[in-house]
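Trainee: I'd like to learn how to read a fold and its aromatic pairs. Could you walk me through an example?

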Amino acid sequence: MKSKEVLEEVGMGNKERRRGFNLDHIGQLQGKLFSIFFLVATMQVTLEVIMRYVFNSPTSWGLDLSIYLCGVTYVMGGGYTQTFNEHIRVDIFYSRWSERTRAIVDLILGDCLFLFVCGILVWQSSTWAWESFLIKETAGTVWDPPIYPFKSILVLGSVLLLVQAFSKIVKDFKVVTNRTRGNS
Amino acid sequence: MSTMVLMFLFFFLLLMAGVPMAWTTSAIGIIFALILWGPDSLNLIVLRIWDVMGSFSLIGIPLFVFMGNVLAHSGTTDKLLKAIYVWMGPIRGGLAVATVIMCMILAAILGTVGADVTITGIVALPFMLKYKYDKHLALGTIAAGGALGVLIPPSILFIIYGVTVGESIGALFIGGMGAGIVLGGLYLAYILVRCYLQPELGPLVPKEEGKVPISQKLILLTGILPSMFLILAVLGSIFFGLATPGEADGLGAAGALVCAAVSRRLNWETLKLSLFGTMKTVGMIMWVVFGAMVFIATFNLSGSASLLTNFVLSLELNRWVILIFIQFILLCLGMVLDVAGIIVLCAPIFVPIIKSLGFDPIWFGVLFNVNLQLAYLSPPFGYSAFYLKAVAPKDCTLADIYRGSFPFMVLQIVAIALFMLFPDIILILPRLMAK
């Protein structure tokens, strides 16, 4: 059995379970669900190399598939990492502020930009994926699979990231209001 | 020119306010695109992200992180540490030497400085302090050795550099290996000489404790064979051109799973921990890359990049002066920014300058990473020192770590000078590679 800290670091601890449903659970679920793709991609790449050297017959779909599997995880990882609030930031000053100051600054700057970026992403990716769907676009590689399902993943990922942006705002808002009530 | 200055100004202001890098860079990229070209230009963002998602080279990042996670969570790294310590104990300064060697091996397995420093700090530091090693030497060794994580392949930073500037990732890996070995060798030589001259810094392990029967030693050695084989297989298949770097990392991950299964440490919990941990790291790295790609796309399209290149070239300075100046900028940025971000932001700006000055981009890529080594250790914001502080005992202060790191920073500058005087140290291995 691993220590509690190790488990909680990736959202396997009890802390997550105890709280009632919140938006973070969506982010946790998406990350854990799609992380299985790492295992699939590992096996698929291994299989591809074996096919090439042992059976001398490389597959036509191997290359595309491993790219798609990994590409999906990049997009889905964004929301998952956000539930831990661990997106890389410069914390020279940030780490010295109180929790309340951090929440206020985040509400004014970070969260607004986060929301803005997610909004633009949802808007742009959905029109772009829709156009691709309308012309039933294919990848244009040897395997040539339809490409719009993969493009739709970016739309889904952006929407899920937007959910996490709201979750972050709610959390920061709670921190700010709670303290005010406690002090008065 | 004003666009360029404004973009960087906002960038630094927002970063200092603690806004995550991914949102800072992408928001600035989007806002400037909106101002300069209107809403029609925004599909640019999606296209840049799409490039990253569809990149075959980048699949090395998740697969390699997964490999490291499996090895760390299945206890393979612990075995490695034990074996190295038992073998290196009986020489003066031997534990510090063992720590550097361990860092170099972990670098080939884990590939992120955070993981490297944390694991070494947890295991090696109490060990060295217990045997009365000098505190500063012990701390400096770990901070500097851990930073090798980005230089010794397979390194995530080389993958990102290779993709952003379109150079061969395999060649970067192999070139980084030469540089990493030279730098590690310098550290080892320094520790051995210093402990020989001042035996009180690294005393011998007491006889009765240090004595382990040779049969025991051999058993420990067989325990680490699988992971050593794994490292050789990953690097060897890249060097001999048997697999692309991305495929080699995938094979490494499969090998790590096999290693864990053979030692009966592969269970549901280990697998879940590794998978989820990988997801978190991938989410962190890739969104920094996405954001920086958007930023750079706007930056380049606005003509700022070529303006900057022309400006630097019009100065007509000696090319080495420009190179050293660029390295100085990297050092300054490295003190505050995350290294993955520095590469995606700076490589597209600096590499065209470097190329037009007649330098080799592979060589510059490796040199770039050696500069980042320095950035990891330098106060006031050496990330390596921060990671170490987080796991060090209370009486080891940040000041102690910086003081201990200082000799190693001097060695890094020596190494940078060596690589600039003799570019072949870096370039000889990539030239021998199978094309």
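This is a predicted model: local features need pLDDT of at least 70, side-chain atom pairs count only at pLDDT 80 or more; totals for chains, interfaces and linings use all residues.

Trainee: Let's begin with the overall picture: how many helices and strands does chain B have?

Mentor: Chain B has 21 helices and zero strands. Its C-alpha trace spans about 75 × 45 × 45 Å along the principal axes.

Trainee: What does the radius of gyration of chain B agree with?

Mentor: You compare it with the value for a compact globule: for 435 residues that would be near 22 Å, and chain B has 22 Å, which agrees. Buried residues make up 62% of the chain. Take the contacts between residues at least 6 apart in sequence: 79% of them join residues at least 24 apart.

Trainee: Now the rings. How is a pair of aromatic rings described?

Mentor: By the distance of the centres and the angle of the planes. Searching the whole structure gives 28 aromatic pairs over all chains. One of them is B:Phe8 with B:Phe299, 5.5 Å centre to centre with 85° between the planes. Planes over 60 degrees apart count as edge-to-face, so this pair is edge-to-face.

Trainee: Which parts of chain B does that pair tie together?

Mentor: B:Phe8 sits in helix 1 (residues 2-16) and B:Phe299 in helix 14 (residues 268-301), so the pair links parts 291 residues apart in sequence.

Trainee: And is B:Phe299 buried or exposed?

Mentor: B:Phe299 is buried, at 0% relative accessible area, whereas B:Phe8 is partly exposed at 24%.

Conventions: Residues are numbered from 1 along each chain as its sequence is written. Chains are lettered from A and ligands numbered from 1 in the order in which they are written. Side-chain values use heavy atoms; hydrogens and water are left out. Helices (H or I, at least four residues) and strands (E, at least two) are DSSP runs, numbered from the N terminus. The radius of gyration is taken over C-alpha atoms; the globule rule is 2.2 Å times the number of residues to the power 0.38. Buried means under 20% relative accessible area, exposed over 50%, partly exposed in between (1.4 Å probe, protein chains only). Contact means heavy atoms within 4.5 Å. Rings of Phe, Tyr and Trp (its six-membered ring) pair if their centres lie within 6.5 Å; planes under 30 degrees apart count as stacked, over 60 as edge-to-face and the rest as tilted.
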